[in-house]
Every structure is written in structure tokens, then in C-alpha cells.
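The following exercises concern a predicted model of a protein chain. Work through each task before reading its solution.

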Amino acid sequence: MASAATSAANTGVVVKTSSCSSSSSSAANTNSSSNKINNCMLAGLVCRDNIHLIIGTNPLAASRCNQSLAAGAIPILIAPETADLHYGLQAKIDDKSLRWEKKAFEDDDLFRLGRQDVGRVVDAVFVTGGPRDPLSEHISSLCRRNRIPVNVVDAPHLCTFTLLSVHADGPLQVGVTTNGRGCKLASRIRREIASSLPPGLGPACARLGEVRRRIQDDDCLALGDLDDSLDQGALFNRLVAEEDVRNRRMRWLSQVCEYWPLRKLASIADDDVDRLFAAYNGPSRKPRHHDNGPAQQQQPRVGRLILAGSGPGHPSLLTRSTLDAIHRADLVLADKLVPAPVLELIPRRTPVHIARKFPGNAERAQEELLEAALQGVRDGKTVLRLKQGDPFVYGRGGEEVDWFKGKGLGDRVRVLPGMTSALSAPLFAGVPVTQRDVADQVLICTGTGKKGKPPTPPEYVASRTVVFLMALHRIVGLVRELTSHIPASSADSGADTTTTTTTESPSPEAAALAAATAADDDDDKKRALWPLSTPCAVIERASCPDQRIIRTTLAHVAEAIESEGSRPPGLLVVGRACDVLHPREKGRAWLVEEGFRGLDDDDDDSSSSVAEWAAGLAAVTDVRETIPA
């Protein structure tokens with residue numbers, strides 16, 4: 001099938017194509033019978049050297065010519081020699097970028113002006129005369145019969161593709177369409193989206209693409225890594241083995257693109273590409289170690305470390321103490337899951353380091369953060385260790401406090417609480433974790449144990465709500481563990497299940513381990529299993545604009561996540577409380593809800609409201625540090 005162009009940069013274009021527009025009458029009959037309006041499929045077409053016919057001489061024809069040229073295509077204007085050309089068309093003709101066929105349109109033009117390698121058939125046709133011109137309907141019908149993409153101005157029923165309102169910034173393109181129903185609203189939405197993006201994001205895409213290309217030269221990409229249409233897969237946060245060098249570097253780059261705030265990505269310069277590429281060269285790289293001895297005593301002033309929770313995502317959910325720490329810090333060391341709107345509150349003058357954590361690299365990245373924090377404190381700096389949620393709720397905050405105590409700096413550590421997503425995310429999803437006559441207890445669990453091992457599953461209690469953190473990447477195993485008895489010897493999915501037969505007597509250690517395993521198996525057999533019909537809810541990016549909720553049951557949750565993809569960070573809520581305010585629809589396996597507006601008034605701009613809140617808070621509060629300098 002031939003290609004079509006839109007207003008876009010380089011050779012990739014964003015268009016929408018439709019398989020249901022073969023005729024206006026059939027489309028109307030389909031819609032009238034089913035009362036269902038199908039949106040068009042959006043696609044990016046490579047149009048370099050394609051032949052585009054432009055029928056007309058008005059300003060719209062000049063616009064179509066510019067769009068075609070921007071996509072790398074070759075436009076050909078068909079108009080009589082006596083026609084009054086728009087000055088934009090005349091300028092293109094004069095500079096030889098537009099070829100003018102000085103004649104009226106003839107049907108044979110579609111089959112003689114195209115490229116030789118496609119049998120002289122043109123690749124796309126743009127008709128600018130409008131729906132009232134009899135020639136428009138004739139050309140449209142002829143193109144559709146011969147499967148040539150055709151666009152007719154202001155006549156969606158005559159088009160097989162229509163053009164989007166496009167923002168282009170280097171290789172970055174953002175297209176918006178209302179499918180012909182929003183008048184000029186698409187243009188306004190496009191402008192709003194473009195104005196919200198940080199400047200320089202397009203060049204940053206090119207630079208990060210260079211990093212990916214350099215990794216690709218050495219490693220091997222997984223299927224779909226280059227496809228912009230695919231969201232993060234369900235296995236995005238799957239553990240990467242230490243020896244899996246190829247996947248480690250590409251996974252690291254993927255995590256950078258997913259979790260770094262856009263402002264930070266947009267600020268990447270050419271020399272940063274080399275540093276980013278060299279910052280992680282695979283498993284052989286070791287974190288820097290600093291002297292823990294006399295150097296500490298040589299510092300004239302010892303700084304302090306603040307462990308602070310940033311809440312579930314929305315910046316308005318920060319505590320006053322944490323916001324004050326953000327403004328006062330000399331260095332910020334942030335976990336990758338701290339959302340961009342919170343990072344945006346960090347003053348530009350403050351250095352920010354975001355953890356290079358991904359499954360399989362967590363321990364090394366944690367060591368790097370601890371070493372950086374230690375060096376900062378020894379240099380007399382106020383170091384803010386910014387975490388998502390609450391530092392002491394699966395945030396490894398206790399481990400970090402203990403680590404600093406081991407360095408003799410326990411008195412230089414201060415911990416600030418944060419709103420944990422384990423309790424706030426269910427609220428934003430309309431799940432009351434406690435409800436009279438439904439749920440009288442709440443259990444917060446991890447879905448992934450140390451080094452990726454599965455933890456002991458909780459038993460079923462009808463009146464219990466369980467919140468699982470760090471569980472969605474291994475949802476299949478978790479559901480199996482909750483709903484069936486798993487022998488302790490095979491509970492670890494990464495364990496070797498090969499059985500070895502020997503005639504030698506087991507060692508005392510092996511005998512003790514076997515006895516403990518048998519006891520664990522007996523205990524597991526007594527554990528009450530969770531019914532597959534138990535309601536549950538997957539809540540991702542809670543309190544962020546792209547919050548998503550999947551309401552389903554244990555029987556379908558793995559299939560739902562596999563189908564809908566991953567949008568980390570996320571958690572799983574299990575229990576009858578999930579159905580209290582949102583009863584399930586019969587016959588529906590799962591329901592997806594998109595978006596979040598739980599904190600902003602309908603008439604308020606979210607970003608300006610947060611900025612005003614932060615400014616006002618800074619004016620009325622002066623939180624003093626309790627640790628002496």
C-alpha cells in the first residue's frame with residue numbers, strides 16, 4: 001500500500017489511517033446499525049521519495065505541499081496553466097522543489113506520475129477543492145477503488161487518511177486528532193501539550209537514541225525495543241541476572257527514559273551522552289569506595305543526611321518538612337520512582353542524582369547512593385535521600401540508617417515520614433481498605449523478597465485486605481502462591497529443580513535443611529488458600545495524571561496485566577474491600593480506569609496550583625532542623 005504524509009520533521013510522519021472508510025454509505029450503515037464510532041488508527045509513515053499529487057491552487061494546496069516536502073516526499077501539483085497560483089506554490093515552483101503539471105486532472109495521472117518501482121502508481125493524493133467540488137468525490141472514488149491513499153479537505157467521508165495537528169521538535173513528533181469532531185480543538189490541544197514540554201526535548205531524544213545505537217552495536221535488542229507504539233511490557237521490572245550483560249545495559253537505558261523527569265532528560269548535552277554511556281558498562285563496573293579512616297576526621301565540618309518520603313506521586317501530598325528539606329538540601333539523591341512533579345520542586349542550583357536501579361542492579365545502585373551520601377555528609381553537605389512513599393515502608397530506610405550508624409554517623413541522620421502508597425493508592429482507587437462488615441484488618445506485604453526470591457504468601461482471611469508492593473512483575477507466580485500450596489523446595493522460581501539421587505548419608509547440615517523444608521511444607525499445607533474469585537485491583541502511578549486502575553479478580557489479574565502492559569510503579573490490592581464501592585460487572589473479566597483528578601479543582605491548573613501551594617508554604621513555615629550543624 002502506498003504512503004501518505006503529514007506536517008512532520010525528517011522522514012517519519014504521524015498520520016491516521018482507516019480501514020472502515022472504503023465508502024461513505026457503508027460506513028454510515030455500519031455506524032447506524034451498531035451505534036459505535038471507531039476511531040482511526042494512528043501510524044507513522046516513512047514517505048521519503050514518495051510521489052504525492054496535489055490537486056488545487058489555494059492556500060491549503062500550499063500547506064499540503066509544505067507538509068509533503070517536510071516528510072521527504074516529492075509533491076507534484078496538477079492545475080491548469082491558467083490557474084491563479086497561491087504565492088506559496090509559486091515560490092516552491094520557482095525553487096524547483098515543486099513540479100507543476102500544467103493541465104487539468106485526468107484519471108490516468110494516478111497511474112503514470114508515480115515511481116517506477118511501484119508501477120508508476122502515485123503514493124498519495126491530496127484534494128484541496130473541498131466536498132462541494134464534484135471532482136473531489138470522483139477522485140476519492142477512483143483512489144479508493146485502486147487502494148491509493150486519498151485526503152479531501154473538510155470531507156472525512158471521502159478520505160482514507162486524514163492529517164493530524166502536529167508538534168515537531170527534531171525527531172520528536174506529537175500528533176493530535178479529534179477524528180473530525182473537534183473543529184479547531186485539536187490545534188489548541190496540540191499547543192497546550194507542546195507548551196508543557198521542556199525545551200530541548202527533541203534533541204534529547206536524538207542524543208538518547210545515540211546511546212541506544214551505541215549499546216545496540218555491542219548488545220542485542222529485544223523484539224519491540226524500537227517500536228514507539230508499545231508501552232512498557234508486563235516484564236519491564238523483571239529481575240535481570242548478573243551474567244546477562246546484554247539485557248542489563250538496555251534495561252538501564254529503558255529505566256532512565258521511563259523514570260527521569262523530562263526536564264532532566266531535555267537538559268542532556270552532547271558530552272553527557274559519553275558520560276551516560278560510560279556510567280554503566282556492565283557487571284564488571286564497581287562502585288567507588290572512599291576511605292573511612294582519617295579522612296573523616298580531617299573534614300572541618302560534618303554535614304547531615306535526611307531520609308525523606310515523597311509520598312505516592314502528587315507533589316501536594318508532600319509533608320511540609322520534606323518540602324523544606326528539598327529547598328535546603330545541598331545534594332539530592334533520589335530513587336528512580338520519585339515522580340517528576342516532585343523532582344521539579346528541587347531548585348535548579350541543587351545537584352540531583354537519580355538511582356540507576358533496575359531489577360538485577362538494585363544492590364549495586366544502592367551501594368552507589370550510600371557512598372555518594374557518605375561522601376556528601378563528610379564534605380559538610382546537607383544530603384537529602386529522597387524516596388517514594390514512606391522511607392520505612394519497604395523503602396530500605398532502616399537499612400540506610402543502620403549503615404550510617406556503622407560509619408559512626410548515626411547522629412547525623414534525620415528521618416522524615418511520607419504518605420505511603422500502600423494506604424493512599426487504594427484510597428485514590430476508591431478501595432476502602434477497612435470497612436465495617438467487610439474488612440477489619442489490613443496487611444501490607446512485599447511481592448518480591450530479597451534478591452528476587454518469593455516471600456511466604458499470606459493465608460486467606462475473608463475479612464482481610466492485603467496490599468502487595470513490588471509484585472506486578474511476577475504476578476503469575478504470586479497468584480499461584482496465593483491460590484495453591486507450593487512446596488518450599490520449589491517455591492523459588494529460580495531454584496534448580498533437578499533431583500539428584502545418591503547413596504551417601506546426608507550431612508548434618510543437609511539433614512537439618514531437609515527437616516526445615518519438610519516443616520515448611522507441612523505449614524503451607526495448613527495455610528488457607530485464596531479463592532480465585534477474590535476481588536482485586538491493580539493501581540499504577542497513583543495520584544499522577546496517568547494513574548491507571550485495573551479492577552478484576554485473582555483469576556484474571558495476570559491476564560489483565562499481560563494484556564494492558566505495565567505502568568510502574570504499581571501495587572496490587574486483594575480482598576472483598578475492592579468491590580465495596582465498585583461492584584463488578586457480570587461477565588466482564590476486568591475493567592480499566594484511566595486518569596486522576598482527585599486533588600485538583602476542575603477550574604484550576606494543576607501545575608500552577610502546586611507552584612502556588614509550594615510558594616505559600618515556604619512563606620508561612622520555617623521548619624528548623626533538629627540536628628545541630
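**Exercise 1.** Determine which residues of α2 meet which residues of α3, and describe how the two helices pack.

*Solution.* 

Step 1. List the residues at the contact. From α2 come A61, A62, C65, N66 and L69, and they meet G88, L89 and K92 of α3.

Step 2. Sort these residues by class. The contact of α2 with α3 comprises five nonpolar residues, two polar residues and one charged residue.

Step 3. Consider how such a pair is described. Two packed helices are characterised by the angle between their axes and the distance between those axes.

Step 4. Apply this description. Helix α2 spans residues 59-70 and helix α3 spans residues 87-94; their axes are 8 Å apart and form an angle of about 40°. Angles under 35 degrees would count as roughly parallel and those from 65 to 115 as roughly perpendicular, so α2 is oblique to α3.

Step 5. State the handedness. The crossing of α2 past α3 is left-handed.

**Exercise 2.** Identify which residues touch the most other members of the largest nonpolar core, and which elements supply this core.

*Solution.* 

Step 1. In soluble globular proteins, nonpolar side chains tend to be buried together.

Step 2. The largest nonpolar core has 28 residues, of which L253, V332, L343, L384 and L386 touch the most other members.

Step 3. Trace the contributing elements. At least two residues of this core are supplied by each of α6 (201-218), α7 (245-259), β11 (304-309), α11 (320-328), β12 (331-334), α12 (340-343) and β14 (382-387). The largest share, four residues, comes from α7.

Step 4. Examine one member in detail. Leaving out residues up to four places away in sequence, L384 touches I306, A308, A325, I326, A329, L331, V332 and L333.

**Exercise 3.** Is L331 buried or exposed? Which residues does L331 contact beyond its neighbours within four places in sequence?

*Solution.* 

Step 1. Locate the residue. L331 lies in strand β12.

Step 2. Compare its accessibility with the cut-off. A residue under 20% relative accessible area counts as buried. L331 has 14% relative accessibility and therefore counts as buried.

Step 3. List the contacts. With neighbours within four places in sequence set aside, L331 is in contact with T350, P351, A372, T382, V383 and L384.

Step 4. Compare sequence with space for one of these contacts. L331 and P351 are 20 residues apart in sequence, and their C-alpha atoms are 5.3 Å apart.

Definitions and conventions
Residues numbered from 1 in each chain as written. Predicted model: local features only at pLDDT ≥ 70, side-chain atom pairs only at ≥ 80, totals over all residues. Heavy atoms only, no water. Axes fitted to C-alpha atoms, helices over the stretch in contact; angles between N-to-C directions. Parallel < 35°, antiparallel > 145°, perpendicular 65-115°, else oblique. Left-handed = near helix turned anticlockwise from the far one by under 90°. Contact = heavy atoms within 4.5 Å. Nonpolar A, V, L, I, M, F, W, Y, C, P; charged D, E, K, R; others polar. Core = buried A, V, L, I, M, F, W, Y, C linked by side-chain atoms within 4.5 Å. Buried < 20%, exposed > 50% of the residue type's maximum accessible area, 1.4 Å probe, protein only.
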